[in-house]
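Hi everyone, thanks for making time for this one. I'd like to walk you through a structure and stop at a few places along the way. Let me put it on the screen.

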Amino acid sequence: MEEGNGIVVDQGRWEWSQMWKKEDWWAIWIGFFILIAAMFVYFPHSGEMKEIINKAMVKYGQDDRRTSAIKTIAWYKMSDAKKKAEVRKIPAGKWLTSFAAKPHGWKDNPMDAFFMGKEKADAKAASARGRYLKKKIVEEISFAVAFGAEKIAQTAGFTNAALNLSASTAIDKWRDAKLAAAAAKKKTQVKPYNRIGKLIGLGVFFCVLFGIPITTMGVPFRQFALGFVFVYVVAVVAWFFSYQVTMKHYGVGYAAWAILLGMLISNTVGTPKWAMPAVQTEYYIKTGLVLLGAKILFEKIITIGTAGIFVAWVVTPTVWLVTYWFGQKIINIPSKRLNAVICSDMSVCGVSAAIAAASACRAKKEELTLAVGLSLVFTAIMMIVMPAFIKGTFPLDKQMVLGGAWMGGTIDASGAVAAAGAFLGEKALYVAATIKMIQNILIGVIAFFVALYFTTRVEVEETGAKVGLGEIWFRFPKFVIGFMAASIVFSLIYSWFNLQLDGLGRAMIDKGAIKGGSDLFRGWFFTLSFVSIGLATNFRELKEHFKGGKPLILYLFGQSFNLILTLIMAYIMFYVVFPGLTATI
Amino acid sequence: MMDNPKAKAWGQLIFYSFLIWVFGWVVGPYMEKNISIYGQIAQIVEERDIDSGAYMYGDSAGSYDGEYYLADSFKHSKRDDYGMTKGFVGGLISCFLILGFGWLFILE
């Protein structure tokens, strides 16, 4: 090991034993173990999913084929029926979902996060029933209107533009009413629950999952297990706070709570020494990132067409590079790692991109904390300000698509994007969330790019030694390979399912191996890593990194540039180059 | 008490925990009630059951729905400017060209 500018850099020779002695490799093995287990659970059920999709197509297909001029009621019904194909709904999937569940949402009574008796659940369901019935009546009325309008458009053979528009508008209103009724119905299905036993079981599972491999890295299992109890309890408390109703409204998620609680403990009463063997930031984070890789499915970049790819994949690297240049050349940020992590979270997709970039360039935990903190603060502000600004200033016909694309390309976190999009309307939510999703896929590219840059250039500069291919391989963060491999393998499987039957990929991968497998654990692993970051972070060291407010200036510059460029690109792409495609949305 | 570092540390922990309570149970709800835009966002988050603290697509309601809606809409419209068009491939290549340009000229 060699130290350069305070950053520890590995120097040495590749040895095969690293594959069972280094956390990078263990992250890959644990991640792959979970992914393969999910495939074993779900893949034998593809036949049942095919049946559901085929049934939907048989039931509504003929009606849907009447026209491609508008999206008819039959088209929506077929879409809804196809969406019911979710392999995670098999009994094993339901059990896995309930086993890995986080604490419940709660308002005033903290016990509601873990336990609810039958009496209280019944009372809640009964109070929600009235609201649901009202929304159901609105849905039925709007359906009758939509049905009538569609019939009139059909009598003209769907060739009259005015009648088509009137039918589309009525159908859109019915959809809004249907979604509102569906959400209200969900609230009537409150069931009693007790999460305490399963949370303990999940903690034991994680302890074994991480504890056995860590013995090969020189940490005794007993010591790890003891410390893990502490880290896991703080992680549960972080979820508990993030699901409190006010925190949910403001988008203060688990990452913020995990870091905050960890830092509160470490900077007041201090992190207990016996807990330190389980404070394994890199180990948890890299395992979570390998699982994240499986979610990066390349076929999805096509979802919103060429316009989307320009907004998400052309603007993002441009903003990343310009902001990085600004940080290095104009405000002279001393740490290239901090610069790269802030650029990634601000230009790509907030916390997930920050942790991927930080692990790829081996940033210090304080640098990641700072970058994540900046992202969380500005996300909370932009989630409120942007939709209000769009509603107040954008022309009515451009609020949904242009506004949605603008928010999707600039607000860092996906949840905040969804909330801000929903504020404007259903279509804005869809456009915003999809642009964000395409940006999410860029994480892999950016993480690889950052890893390559730091391995071959920055670390060479820091150590002053020229490196050959062997040394590059030795230094390269191996979890990035696991991340990319998971992404490529799952992308291929996803496309293979879709080739068999349109929609099978989403039923088996999106709503199966990912939503019912890797996603169940990924959030937990990131929480464990953020708790570890907090427990090992010192306020004073953090302050050092914030010296002169340079990280804030960097973020502000980058985000302002991002806002301008994304808006211009979205306007040009959606309204100048592809107006026809935009009208289809 | 201030001379006792342990008591001071616990005092700080309790004080900061109190601040969290003040935000969650006093300031936050007050802002929702008195600042219209906050109230509206809170209502939407509640009604639609959006996990506004989610960090990755698919973690929040609407992400998958949006993706399916858009993809199916474009397929349904049968437009020839959707899919693996030259423009789309051009967009992908542009991304890598920009990164290549940055590698050569910005990240030196």
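Let's start with A:Glu139. Setting aside its neighbours within four places in sequence, A:Glu139 is in contact with A:Trp174, A:Ala177, A:Lys178 and A:Ala181. Before I go on, please keep in mind that this is a predicted model. A:Glu139 sits in helix α6 of chain A, residues 118–155. Is A:Glu139 buried or exposed? It is buried, because its relative accessible area is 10%, and the cut-off for buried is under 20%.

Stay in that part of the chain for a moment and look at A:Phe158. You'll find A:Phe158 in the loop between α6 and α7 (161–187) of chain A. A:Phe158 is not a glycine, yet its phi is positive, about 55°. For context, most residues other than glycine have a negative phi. A:Phe158 also counts as buried, at 6% relative accessibility.

There is another residue of this kind, A:Asn332. A:Asn332 is not a glycine either, and its phi is positive at about 50°. Its place is the loop between α13 (305–330) and α14 (336–349) of chain A. A:Asn332 is partly exposed, with a relative accessible area of 44%.

Now, the domains. Chain A is divided into domain 1, which covers 2–39 + 229–584, and domain 2, which covers 118–191. How far apart are the centres of domain 1 and domain 2 of chain A? Taken over C-alpha atoms, 36 Å separate them.

Next, helix α15 of chain A, residues 351–361. Among the buried residues are A:Val351, A:Ile355 and A:Cys361.

A:Leu552 counts as partly exposed, at 31% relative accessibility. Leaving out its neighbours within four places in sequence, A:Leu552 is in contact with A:Leu374, A:Phe378 and A:Phe546. From A:Leu552 to A:Arg129 there are 423 residues in sequence and 48 Å in space, C-alpha to C-alpha.

For another pair, take A:Asn54, which belongs to helix α3 (residues 46–64) of chain A. A:Asn54 and A:Lys82 are 28 residues apart in sequence, with 8.2 Å between their C-alpha atoms. A:Asn54 is partly exposed, with 36% relative accessible area.

Let's finish with the interface. Which chain brings how many residues to the contact? Chain A brings 104 residues and chain B brings 74. Together chain A and chain B bury about 8,200 Å², with 67% of that on carbon and sulfur atoms. On the chain A side, A:His249, A:Tyr250 and A:Tyr430 lose the most area to chain B, together 8% of what that side buries.

As for the polar part, 18 residue pairs are in polar contact between chain A and chain B, counting pairs where both are at pLDDT 80 or more. The interface also has 3 salt bridges. In a salt bridge between the two chains, the side chains of B:Lys75 and A:Asp502 meet at 3.1 Å, N to O. Helix α19 (residues 426–463) of chain A gives the most to the side that touches chain B, with 18 residues. By class, that side of chain A has 61 nonpolar, 22 polar and 21 charged residues.

That's my tour, and I'm happy to take questions.

Methods
Residues numbered from 1 in each chain as written. Chains lettered and ligands numbered in written order. Predicted model: local features only at pLDDT ≥ 70, side-chain atom pairs only at ≥ 80, totals over all residues. Heavy atoms only, no water. Domains from an automatic or database assignment. Contact = heavy atoms within 4.5 Å. Buried area = accessible area lost by both parts, 1.4 Å probe. Salt bridge = Lys/Arg side-chain N within 4 Å of Asp/Glu carboxyl O. Polar contact = N/O pair within 3.5 Å; in protein donor to acceptor, adjacent residues only side chain to side chain. Helix = DSSP H or I, 4+ residues; strand = E, 2+ residues; numbered from the N terminus. Nonpolar A, V, L, I, M, F, W, Y, C, P; charged D, E, K, R; others polar. Buried < 20%, exposed > 50% of the residue type's maximum accessible area, 1.4 Å probe, protein only.
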